[in-house]
Amino acid sequence: MWNRSPLKAEKDTVVEKDRQGVVRHRRCNSTVDPPPAGGHLPSIATSQVLRIKRETALRTPGIIWADGDPSDPSRNIIGGRETRKMNTYQAIRDAMSIALAKDENAVVFGEDVAFGGVFRCTMGLAEEFGKERVFNTPLTEQGIAGFGIGLALMGHTAIAEIQFADYIFPAFDQIVNEAAKIRYRSGGSYNAGGLTIRTPTMSVGHGGLYHSQSPEGFFMGASGLKVVIPRSPIQAKGLLLGSIRDPNPVIFMEPKILYRSAVEQVPVDDYELPLGQAEILVPGSDLTLLTWGTPSPAPELEPVIPNLRSILPWDVETIAESVNRTGRLVIVHEAGLTAGVGAEISAEIQKRCFLKLNAPVRRVAGWECYPNALQYEKFHIPDAIRVLDAVVETLTY
């Protein structure tokens, strides 16, 4: 939980002279209110890749309407459909409300979720659907994961919350050794496909060492799992509903800085977005700038900007096709460079696109000096200058 008590500012030194003209130094204290738990980033709030109009929101590529004709997925009839202005946490809440309303076997549980959760993503769900279906758990991440696996094995739709991705490690054994393997282990008799684990991830600007990590890379080798990271409210709602209904266990990582900063016109109807498919945010020809989660600052060039959306499995075909056209690839992620998701992508792309590359694949990642003090967090993660440097170096190689 965030410490909501006032934070002590650093002491300031005030230089004064007394009546005799002797210089004296006085220390003075001041208090400031802590930043909001959800954080805010103006560059995201004003991003050009957010869909802030009804028409563009309803024509989101890949959208699959629950009431649409499954025999003709290419049709995208938007007449009569409505949108509502939502930020990311409201869109996530809307997705869970739809899942609970349409699936009587669905339950939502985790630390403090009955109260609305730290980031308010479950606000009002307990009152709407009852405390038997939306309930708090003890402070035990391993227990939350194990309980969710058991529910899924018995045919329930388990929507679990790990309060921060930084605390998912106690549940690592349950997720990787049980949820991911139980279908094989039982010879197909059981599976944990009904399990979705939501967890806030990435930096928020002041989270410090236990509230700003990006652990998605730790799950890259866990066959049987899917790992999804949305970039906006529309994506969050559609990908979360797709994750809940996917026949495999899914870890759904929600970038915390997007909870309040990213606002879009979100369709109010039930819809899904496909897992395992990248989204092309900006078409171009100069180079491929690949990222996921928090949108990367885009230089004023003509880059192809894919957003991966699914980390496991990742859309290798779309990325390889883009790199074969542009000849250059820059990968941006907040996690550390060593053994990050970018390392796997870089290795695969260099194998598939070696003869087409005009420059080495470049990775821009968090500095490998973690943990660091919370006041240095904004210097730790990639920013516009570092991304631009990497783009210029790649283009001029």
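## A buried lysine and its partners

A polar contact of 3.0 Å joins the side chains of Lys226 and Asp246. Here a polar contact is a pair of N or O atoms within 3.5 Å; within protein, one must be able to donate a hydrogen and the other to accept it, and residues adjacent in sequence count only if both atoms are side-chain atoms. This is a predicted model, in which local features need pLDDT of at least 70 and side-chain atom pairs count only at pLDDT 80 or more, while totals for chains, interfaces and linings use all residues. Residues are numbered from 1 along each chain as its sequence is written, and side-chain values use heavy atoms, with hydrogens and water left out.

Lys226 belongs to strand β11. Lys226 counts as buried because its relative accessibility is 17%; buried means under 20% relative accessible area, exposed over 50%, and partly exposed in between (1.4 Å probe, protein chains only). Setting aside neighbours within four places in sequence, Lys226 is in contact with several residues, including Asn248, Leu275, Leu312 and Pro313. Contact here means heavy atoms within 4.5 Å.

Helices (H or I, at least four residues) and strands (E, at least two) are DSSP runs, numbered from the N terminus. The side chain of Asn248 also makes a polar contact of 3.5 Å with that of Arg183. Beyond its neighbours within four places in sequence, Asn248 touches Arg183, Ala192, Gly193, Leu195, Gly224 and Lys226.

Ile311 is in strand β18, and at 0% relative accessibility it counts as buried. Its contacts, leaving aside neighbours within four places in sequence, are Met220, Val227, Ile229, Trp292 and Val341. Ile311 and Ile251 are 60 residues apart in sequence and 10.0 Å apart in space, C-alpha to C-alpha.

Most residues other than glycine have a negative phi, and most peptide bonds are trans. Where does the chain depart from this? The peptide bond from Leu312 to Pro313 is cis, with omega near -5 degrees. Pro313 lies in the loop between β18 (310–312) and α10 (316–326).

Two non-glycine residues have a positive phi of about 70 degrees: Asp112 and Met202. Asp112 is in the loop between β7 (106–110) and α4 (125–129), and Met202 is in the loop between β10 (195–201) and β11 (226–228). Are they buried or exposed? Asp112 counts as partly exposed, at 23% relative accessibility, whereas Met202 counts as buried, at 2%.

## One face of α10

The buried residues of α10 are Val316, Ile319, Ala320, Ser322, Val323 and Thr326. Seen down the helix axis, these residues fall within an arc of 160 degrees, so they line one face of α10. The arc is that of the directions from the helix axis to the C-beta atoms. An α-helix has 3.6 residues a turn, so residues three or four places apart point the same way.

What do the buried residues of α10 pack against? Their partners are β16 (288–290), β17 (305–307), β19 (329–336) and α11 (341–352). After α10 comes Gly327, with a positive phi near 80 degrees.

## Rings and charges

The structure holds 10 aromatic pairs. Rings of Phe, Tyr and Trp (its six-membered ring) pair if their centres lie within 6.5 Å; planes under 30 degrees apart count as stacked, over 60 as edge-to-face and the rest as tilted. The rings of Phe109 and Phe135 are stacked, because their centres are 5.7 Å apart and their planes are at 10 degrees. This pair links distant parts of the chain, with Phe109 in strand β7 and Phe135 in strand β8 (residues 134–136), 26 residues apart. Both Phe109 and Phe135 are buried. Elsewhere, ring pairs link Phe119, Phe164, Tyr167, Tyr210 and Tyr259 into a cluster.

Arginines also meet rings here. Arg81 lies over the face of Trp65, 4.0 Å from the ring centre, and Arg386 lies over the face of Trp367, 3.8 Å from the ring centre. For a charge to sit over a ring, NZ of Lys or CZ of Arg must be within 6 Å of the ring centre and within 35 degrees of the ring normal.

## The whole protein

Stepping back, the protein has 13 helices and 20 strands. Of its 397 residues, 54% count as buried. Among contacts with a separation of 6 or more, 77% are between residues 24 or more positions apart.
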